[in-house]
Amino acid sequence: MSLTQDLEKILETVLPTDPSFRRSFRRIEQAMIDSCICETRRYALEGSKEAFLLSAMRLLALPDNGHTRLIPNDSISVLPLRFVSVGTVVQLTDTALETTAPRGELIAVNGTPLGQIEAAAENFLAGTRQRKRVIGPILLAWPYALAHLGFSSKENTTEYRVKGENGQITDLKVENGRTVPASTLYPRSEHGKADPAWEPERLVEIKDWQELGLSILLPSFFDPSESALPKAISGAAEHVRTCSNKKLLIDVRGNTGGDFLKTMPLIDAISENASRQVVVLVDKFTFSAAIVFVAILKHRLGPRLKLIGEEMGDGLMFFAEGGLLDLPISGAVVRYSSAFHDWENGTSNETTPAEIARQLVPAGKLNLDWEWVARSTAENAQGAFYQQVLKSLND
């Protein structure tokens, strides 16, 4: 059993069928693809799993397409620290193995400023700047990746400099041999919550803030049961129609996507009132189908929809659909694409599925009306923020 089998699966399945390699938004020189394949093959032949994984990450990141990438989470071990991007910084949000560490902003690793490490890691991460910020923090807890990027320490430890909420600086040393499976701290579909095991209790949560309006939390459009999301969306649509005179706040922060087609009844219900004011909360973890949901709403509502938060995890032109490819030898997973989406101009091509092409609309640019980054996910803070935003619609 050899890692070359994993490489062959990538070369046979992904490169020939994934249109992002042929029609990337930036031209990929064939020599660059060949060079990455050659390097990945060399590490595969050597049996160097972690080097193989990083090289494959670089190969699959070439198109700069957020839906096409190697996901190493199930096949590597990391130091027992969970790092998450919050705004423009990286926060230490959780630990494992009874590790005691202060929560706060990561300033440096092994004496190197974080920004320098992030710049060196860019070529290994797929997608837009915001998407790289979503999937990149796992590299900061992966000793091999830090060493490969040139940021390991001389000792067999990794030292982190963290700034707490009170501004106090703490230096935290972790032995490189003290690792946990990466998937315990870094979910494959990164949602940005402090707790890596977070899963939504409900696919739709509605709260009536009386005269202020309604808030609708949509944490995910993934529905393994294939029946829960349509039912939840149908209930939300009915509620929206019943309260047709109320302003709406829709929260899709942390929503990494799923099936936007199943959300169309809610979009239809929201769009029926020609005077309704709507605000949508987004962040860098808002991705894929969640971005499409926002794009269709923006197209239908125009200036009546206000966008609040931070730049989302992708643009409106991307390659998606496709599927997941398990690599049996390394244990990693490849996410690949098969179809073109253009929600900026509303155009499709021969790769776009008919059911998606029928919904395509020219949403233009989704520019933020108000930039805002969450610092607390406490329920009372979230409720207070919802009310603050709804009140602002009355000003």
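Buried means under 20% relative accessible area, exposed means over 50%, and partly exposed lies in between (1.4 Å probe, protein chains only). The model is predicted, so local features need pLDDT of at least 70 and side-chain atom pairs count only at pLDDT 80 or more, while totals for chains, interfaces and linings use all residues. Residues are numbered from 1 along each chain as its sequence is written, and side-chain values use heavy atoms, with hydrogens and water left out.

**Exercise 1.** Determine which residue forms a salt bridge with E190, and what parts the pair ties together.

*Solution.* A salt bridge is a side-chain nitrogen of Lys or Arg within 4 Å of a carboxyl oxygen of Asp or Glu, and a search of the whole structure finds 17 of them. For E190 the partner is R82, with the closest N and O atoms 2.7 Å apart. Because E190 lies in the loop between β9 (180-181) and β10 (205-208) and R82 in strand β3 (residues 81-86), the pair ties together parts 108 residues apart in sequence; strands here are DSSP runs (E, at least two residues) and helices likewise (H or I, at least four), numbered from the N terminus. Finally, E190 is buried at 10% relative accessibility, and R82 is buried at 0%.

**Exercise 2.** Classify D208 and K246, which form a salt bridge, as buried, partly exposed or exposed.

*Solution.* The closest N and O atoms of D208 and K246 are 2.6 Å apart. This pair links distant parts of the chain, with D208 in strand β10 and K246 in the loop between α8 (228-242) and β12 (248-251), 38 residues apart. With a relative accessibility of 30%, D208 counts as partly exposed, whereas K246, at 17%, is buried.
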